[in-house]
Amino acid sequence: MVWSLFRRSRTGSGLPVPGRCAPGRHVLATERLLLFTPRTRLDVVAALAASADAEAQRWLGTRADEVLPDPGTRRALLAWRPAGDDGRRIPRVLAEPYTPAPDDPLLLVCVRRSDLSYAGALELQPRAGEMGGWLAPGCRGQGLGTELFRAGLALAHTHLGLATVRAGAEPGNTASRRSLTRAGLAPDQGPRRHTLPDGRVVDAVWHRHDTASPSRCR
């Protein structure tokens, strides 16, 4: 059940402000996206809803207990705004604070800066230096994938102090590969086969980006 996953711009809306990170929490902005460490359960569930459709799961292969199967539920979750920033009161269970666990992958939920709608998420494994991400169905095909991965590079290089960041994709996932290339990642060597979280083994191609001067946010 998805609830088992939980453990505890418009700056006037109460959203996190880019450049004001805190221990374990990060905030970044691109031209059209605001990305931040989830603050509430709603943020995390909306991020999952953005990736649960069949098109996304063809490539992501999320574990079954982390997928929201009902399309109506997904649409309802994506219709909310972060922490009720559109003035609507959200259910108490979704408004509860979310605190990332130390060993969890680093997850940033992203929203459109124009209307604060949930747009997807970015995920980064700091130890492995590998990133991935996804966009909600209504946000695909608009160049936002490039912005998402550019934010991932900034997160790795200027917030986490990583000199190298890598990303994998299936050879047939042309949209993802195009976004990675446009974000500045170059082809790299890596394992030709990759096991997805749901156990599927797929072909893989790899991309890489390096910086000579990594730094950390304060």
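This is a predicted model: local features need pLDDT of at least 70, side-chain atom pairs count only at pLDDT 80 or more; totals for chains, interfaces and linings use all residues.
Residues are numbered from 1 along each chain as its sequence is written, and side-chain values use heavy atoms, with hydrogens and water left out.

Strands here are DSSP runs of E, at least two residues, numbered from the N terminus. Two of them pair if DSSP finds at least two bridges between them. β3 and β4, the latter residues 118–125, are antiparallel with 6 bridges. On β2, residues 33–36, the pairing with β3 is also antiparallel, through 4 bridges, and Leu34 stands opposite Val111 there.

Now burial. Buried means under 20% relative accessible area, with a 1.4 Å probe and protein chains only. β3, residues 106–112, is largely enclosed by the rest of the structure, because 7 of its 7 residues are buried. Leu106, Leu108, Cys110 and Arg112 point one way, and Leu107, Val109 and Val111 the other. In a regular strand the side chains alternate between the two faces of the sheet.

Next, Leu155. Setting aside neighbours within four places in sequence, its contacts (heavy atoms within 4.5 Å) include Leu106, Leu108, Leu122 and Leu124.

Most residues other than glycine have a negative phi. At 4% relative accessibility, Leu116 counts as buried.

Key: Buried means under 20% relative accessible area, exposed over 50%, partly exposed in between (1.4 Å probe, protein chains only).
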